[in-house]
Amino acid sequence: MTEQGPLRRLVWLIAGMAAALSAPAHAETQVFTAARMIDVAAGKVVEHPAIFVTDGRITSVADARLVRWGSDVKHIDLGDRTILPGLIDMHVHLDGLAEIGGYRGLQYTDSFWAMIAVRNARDMLHAGFTTVRNLGSENYNDVGLMQAIDEGCAEGPRIVPAAHALGATGGHCDSTFLPPSFEAKSPGVGDGEQQLRQRVREQRKYGAQVIKVCATGGVFSRNTEPGQQQLSEQELRAIVEEAHLWGLRVAAHAHGAAGIKAAIRAGIDTIEHVSLLDDEGIRLALKRERPVWFSMDIFNTDYTQASGRENGVLEENLRKDREIAQIQRDNFRKAQQAGVRMIFGSDAGVMPHGTAGGQFRYMVAYGMTPLQAIQAATITAAQALGKEEEVGQIAAGRHADLIAVDGDPLLDVRLLEHVSVVIKGGQVVKDGTAVR
């Protein structure tokens, strides 16, 4: 339990009064209360919070025991629960379906994948993820879904879309399952620095807000191995220079040690998977002047190994998945202990989207405290997105994106696998509330 001193109580009293008095006359003001709240910036539990919201933005946070609000303020009491910022998953594939693997996907028409993305987005939101970064989609499905959600035509989280992932001909981000007669080639593929610069511009032109590039081979592609570096450091640097010129950050799929290090040296902002990380890679990440974050999906192997074969995943892919799973988990621990910046990335779509919260318990099992795991999916993820003034913590000016769980997740992080209440922009989208 956190005790508040007289000065803090006075500050919260003034803040609560200001929130109630400063809202425009036409705007609806809400106040959300609960037994406790996790302040992810301060790293502590706050008792009896009162979170004031106007027009979907947080205006102040006060002590509910010390403030009063008028009848024109809508009070939503979440009871004996813990409020947290809405969660951020930094690596999802909303137009992917874990239950359909390998060649089974060819029995569906192209637009099928855009349709299932709508359901997947809702599942992510109801699991507590109010912001997601979609790292690669087909046919600009993630851009279209973002627009539909923003226009109120679909229910889902805030989406930061990458559109088509960039990569080398025949590499992990290319189409590698079909014979030459199909002439199948992914739109994001480029060879050489100039082609890849052009691909960056194309993705940005059609709505990408982040650039995804495949620096190494992968697990669920054909004819690539996770350890293979597939773009040169010079090619990666060209992508970074072009993306940063346009104000976009870059995420690199990189399993292999050589590709990880090339991506770090090239200036990539987040490194995805990071499975075969070595000590030099950790040193490079720690000493680089521009921040770099690691996003390591250490949960989804449980699903792929249990259900992959039934879903149609090829043995080649299951073999690669088995070979790197424990290595990746052990390297997560090493990177965390060394002090590398870590963010939450589940790779949802490899496993069902609604189960993404299961990763929290693995992050704790492999070296994080519950608070550090929560910070990786809130304030630290927001920093990696460059959106720390928008999302990632419960503070004035941020979107009123909140979740609530029964109990204290700092004592039992598995509570985040069963989120009771989800609020996006001040609107309750998953309802476990008692409104009065």
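Let's start with the six-strand sheet: it is open, its pairing is mixed, and the strand order is β3-β2-β7-β16-β17-β18. Strands here are DSSP runs of E with at least two residues, helices are runs of H or I with at least four, and both are numbered from the N terminus. Two strands count as paired if DSSP finds at least two bridges between them. At the edges of this sheet sit β3 (44–47) and β18 (427–430), each pairing on one side only. From one strand to the next, the twist averages 30 degrees. For angles, axes are lines fitted to C-alpha atoms, for helices over the stretch in contact, and the values run from 0 to 180 degrees between N-to-C directions.

A quick word on what you are looking at: this is a predicted model, in which local features need pLDDT of at least 70 and side-chain atom pairs count only at pLDDT 80 or more, while totals for chains, interfaces and linings use all residues. Residues are numbered from 1 along each chain as its sequence is written, and side-chain values use heavy atoms, with hydrogens and water left out.

Now, look at β7 and β16 (residues 402–406) in that sheet: they pair in the antiparallel sense over five bridges. Isoleucine 83 stands opposite alanine 404 in β16. Strand β7 covers residues 81–85, and arginine 81 is found in it. Is arginine 81 buried or exposed? Arginine 81 is buried, with a relative accessible area of 16%; buried means under 20%, exposed means over 50%, and partly exposed is in between, using a 1.4 Å probe and protein chains only. A polar atom of the arginine 81 side chain lies 3.1 Å from the backbone oxygen of leucine 78.

Over to the other sheet, please. Three strands make it up, in the order β8-β9-β10, and this sheet is open with parallel pairing. Strands β8 (87–92) and β10 (158–161) stand at the edges with a single partner strand each, so one side of each has no neighbour in the sheet. Neighbouring strands here are turned by 15 degrees against each other on average, direction ignored.

Zoom in on β9, residues 129–134, which pairs with β8 in the parallel sense over four bridges. Within that pairing, isoleucine 88 stands opposite threonine 131, and valine 92 has asparagine 134 as its bridge partner. How many of the residues of β9 are buried? Six of its six are, and the strand is mostly covered.

Two helices go with this sheet. Helix α2 (residues 112–126) lies across β8 and β9, running at about 130 degrees to β9. Helix α3 (residues 141–150) lies across β9 and β10, at about 155 degrees to β10. What about the two helices together? Their axes, those of α2 and α3, come within 10 Å and cross at roughly 50 degrees. That makes α2 oblique to α3, because angles under 35 degrees count as roughly parallel, over 145 as roughly antiparallel, 65 to 115 as roughly perpendicular, and the rest as oblique. The crossing of α2 and α3 is right-handed, meaning the near helix is turned clockwise from the far one by less than a right angle. From α2, Trp113, Ala114, Ala117, Val118 and Ala121 meet Asn141, Leu145 and Ile149 of α3, with contact meaning heavy atoms within 4.5 Å.

Leucine 178 sits in the loop between β10 and α4 (193–205), and at 31% relative accessibility it counts as partly exposed. Leaving aside neighbours within four places in sequence, leucine 178 is in contact with Leu106 and Ala184. If you want a sense of distance, the C-alpha atoms of leucine 178 and glutamate 47 are separated by 57 Å, with the two residues 131 apart along the chain.

Most residues other than glycine have a negative phi. Asparagine 223 is not a glycine, yet its phi is positive, at about 65 degrees; aspartate 347, also not a glycine, has a positive phi of about 65 degrees. Where do they sit? Asparagine 223 is found in the loop between β11 (210–214) and α5 (233–245), and aspartate 347 lies in the loop between β15 (341–343) and α10 (359–365). Asparagine 223 is exposed, with a relative accessible area of 66%, whereas aspartate 347 counts as buried at 8% relative accessibility.

How values were computed:
Polar contact = N/O pair within 3.5 Å; in protein donor to acceptor, adjacent residues only side chain to side chain.
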